[in-house]
Each structure stands twice: as C-alpha cells, then as structure tokens.
Amino acid sequence: MLDVAMEEEEGDGDIEGKEEELNIVKGKRPIVRDNIVTAYAQNYANSRRENCKPQLKLSGGLYGKNLFAGYDKKYTAIEVVAFWVSKKQWYNYTSNSCASDKVFGHYIQVVWKNSNKLGYARVKCNSGSIYVICSYSPLGNYIDERPY
C-alpha cells in the first residue's frame with residue numbers, strides 16, 4: 001500500500017496525481033479525476049457530515065459509488081481504495097459470485113470495465129470520524145454482469 005501524506009481534513013487533495021496508482025488497480029484501464037464527478041462526491045460527503053455511517057443502499061443516482069467511514073486515523077485515498085480492492089479475495093470471476101457471507105461490491109465498482117471518471121471526497125464528521133466517497137462514471141456494478 002502506498003503511504004500518501006494527508007494534509008487536508010477534507011476534500012480530495014490526496015488523490016490528486018494518484019490516477020496512475022488507481023489505473024494499476026483497474027488493470028491498466030484508464031481512470032481520470034473528473035471535476036463534475038468530484039463536485040458530486042463532495043456534495044454527497046458534505047451532506048453526510050452529521051451522520052457519517054455509510055448508507056448501505058443503492059443510491060439510484062447518476063454515478064456508481066463506494067463509501068467508507070473510519071475512526072482511528074486519517075485515511076488516504078490510496079488506503080481507502082486498497083481496502084475496497086481487498087474484497088477481491090471473495091470474488092469468483094468464473095461464477096461471477098461472492099464467497100458465502102462476504103461482500104465484494106466495492107471491489108467490483110473499483111474495477112468496473114466502463115467506469116473511466118472518478119470523483120473523490122473526504123470530510124471530517126462532527127463525530128470526529130472520516131467519511132470518504134468515490135463516485136464513478138459511468139456507473140457500473142450491475143447484477144449478473146462481470147466487471148471486466
């Protein structure tokens with residue numbers, strides 16, 4: 001995992017210039033930071049500042065999303081993405097299924113074949129925890145479709 005310094009309490013400063021590392025995760029399929037998708041992510045993160053528990057329901061929005069909340073340190077973008085990618089261990093590509101009692105949707109969204117734009121935002125919550133959202137365009141993670 002890359003050690004990326006986090007100097008900001010919120011925003012997307014620690015993902016700036018890290019698209020190359022994210023492309024390695026995506027298997028060389030390019031992903032770029034997009035200002036419109038980033039603005040969406042920042043607005044969403046700001047709206048969750050009061051209650052920073054990730055909502056585990058489909059958003060029905062324009063973008064795919066991954067959510068993360070952490071309590072014990074200041075998480076960098078690369079650390080958060082690495083956490084989502086760690087779910088790969090439970091994904092079986094051949095059967096396009098997940099190990100019993102495990103969740104792999106975060107991994108699937110990170111590597112989704114058609115997602116090529118990224119928005120990332122982080123806020124410090126009123127509780128002191130850190131809340132992170134990555135938004136992806138076009139959205140992916142469709143049931144019964146393989147990610148790549």
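**Chat notes: aromatics, a sheet and a disulfide**

Biologist: Quick one on Tyr 91. Buried or exposed?

Modeller: Tyr 91 counts as buried, at 10% relative accessibility. Buried means under 20% relative accessible area, exposed over 50%, and partly exposed in between, with a 1.4 Å probe and protein chains only.

Biologist: And what are the ground rules here?

Modeller: This is a predicted model: local features need pLDDT of at least 70 and side-chain atom pairs count only at pLDDT 80 or more, while totals for chains, interfaces and linings use all residues. Residues are numbered from 1 along each chain as its sequence is written, and side-chain values use heavy atoms, without hydrogens and water.

Biologist: How many aromatic pairs are there?

Modeller: The count comes to eight aromatic pairs. Phe 68 and Tyr 75 make an edge-to-face pair, because their ring centres are 4.8 Å apart and their planes stand at 75 degrees. Rings of Phe, Tyr and Trp (its six-membered ring) pair if their centres lie within 6.5 Å; planes under 30 degrees apart count as stacked, over 60 as edge-to-face, and the rest as tilted.

Biologist: Phe 68, buried or exposed?

Modeller: Buried, with a relative accessible area of 8%. Tyr 75 is buried too, with 14%.

Biologist: Back to Tyr 91. How are the rings of Tyr 91 and Tyr 107 set?

Modeller: Their centres are 6.1 Å apart and their planes at 50 degrees, so the pair is tilted. Tyr 91 is in strand E3 (residues 91-92) and Tyr 107 in helix H4 (residues 105-111), so this pair links distant parts of the chain, 16 residues apart. Helices (H or I, at least four residues) and strands (E, at least two) are DSSP runs, numbered from the N terminus.

Biologist: Tyr 107, buried or exposed?

Modeller: Tyr 107 counts as buried, at 3% relative accessibility.

Biologist: Which residues form one aromatic cluster?

Modeller: Tyr 91, Tyr 93, Phe 104, Tyr 107 and Tyr 148.

Biologist: New topic, the sheet. What order do the four strands have?

Modeller: The order is E1-E5-E6-E2, in an open sheet with mixed pairing. Strand E1 (32-33) and E2 are at the edges with a single partner strand each, so one side of each has no neighbour in the sheet. Two strands pair if DSSP finds at least two bridges between them.

Biologist: In what sense do E1 and E5 pair?

Modeller: Parallel, over two bridges. Val 32 has Lys 117 in E5 as its bridge partner. H2 packs on the sheet and touches E1, E2, E5 and E6, with its direction at about 30 degrees to that of E5. Helix H3 (residues 77-85) also packs on the sheet and touches E2, E5 and E6; its direction makes about 110 degrees with that of E2. Contact means heavy atoms within 4.5 Å. Axes are lines fitted to C-alpha atoms, for helices over the stretch in contact, and angles run from 0 to 180 degrees between N-to-C directions.

Biologist: And Arg 33? What is its bridge partner in E5?

Modeller: Leu 118. Leu 118 has Tyr 136 as its bridge partner in E6. E5 and E6 pair in the antiparallel sense over eight bridges. They form a hairpin with five residues between them, and Gly 128 in the turn has a positive phi of about 95 degrees.

Biologist: How many of the eight residues of E5 are buried?

Modeller: Six, so E5 is largely enclosed by the rest of the structure.

Biologist: Arg 122, buried or exposed?

Modeller: Buried, at 0% relative accessibility. Arg 122 is in strand E5.

Biologist: What does the side chain of Arg 122 make a polar contact with?

Modeller: The side chain of Tyr 120, at 3.0 Å. A polar atom of the Arg 122 side chain also lies 3.2 Å from the backbone oxygen of Tyr 75. A polar contact is a pair of N or O atoms within 3.5 Å; within protein, one must be able to donate a hydrogen and the other to accept it, and residues adjacent in sequence count only if both atoms are side-chain atoms.

Biologist: Last topic, cysteines. Which ones does a disulfide join?

Modeller: Cys 52 and Cys 125, with S to S at 1.6 Å. The pair ties together parts 73 residues apart in sequence, because Cys 52 lies in the loop between helix H2 (35-47) and strand E2 (64-70), and Cys 125 in the loop between strand E5 (117-124) and strand E6 (130-137). A disulfide is a pair of cysteine sulfur atoms within 2.5 Å, and the count comes to one.

Biologist: Why is the disulfide left-handed?

Modeller: Because the torsion about the S-S bond of Cys 52 and Cys 125 is about -105 degrees. Both cysteines, Cys 52 and Cys 125, are buried.

Biologist: What about Cys 98, buried or partly exposed?

Modeller: Cys 98 counts as partly exposed, at 25% relative accessibility. Cys 134 is buried, with a relative accessible area of 0%.
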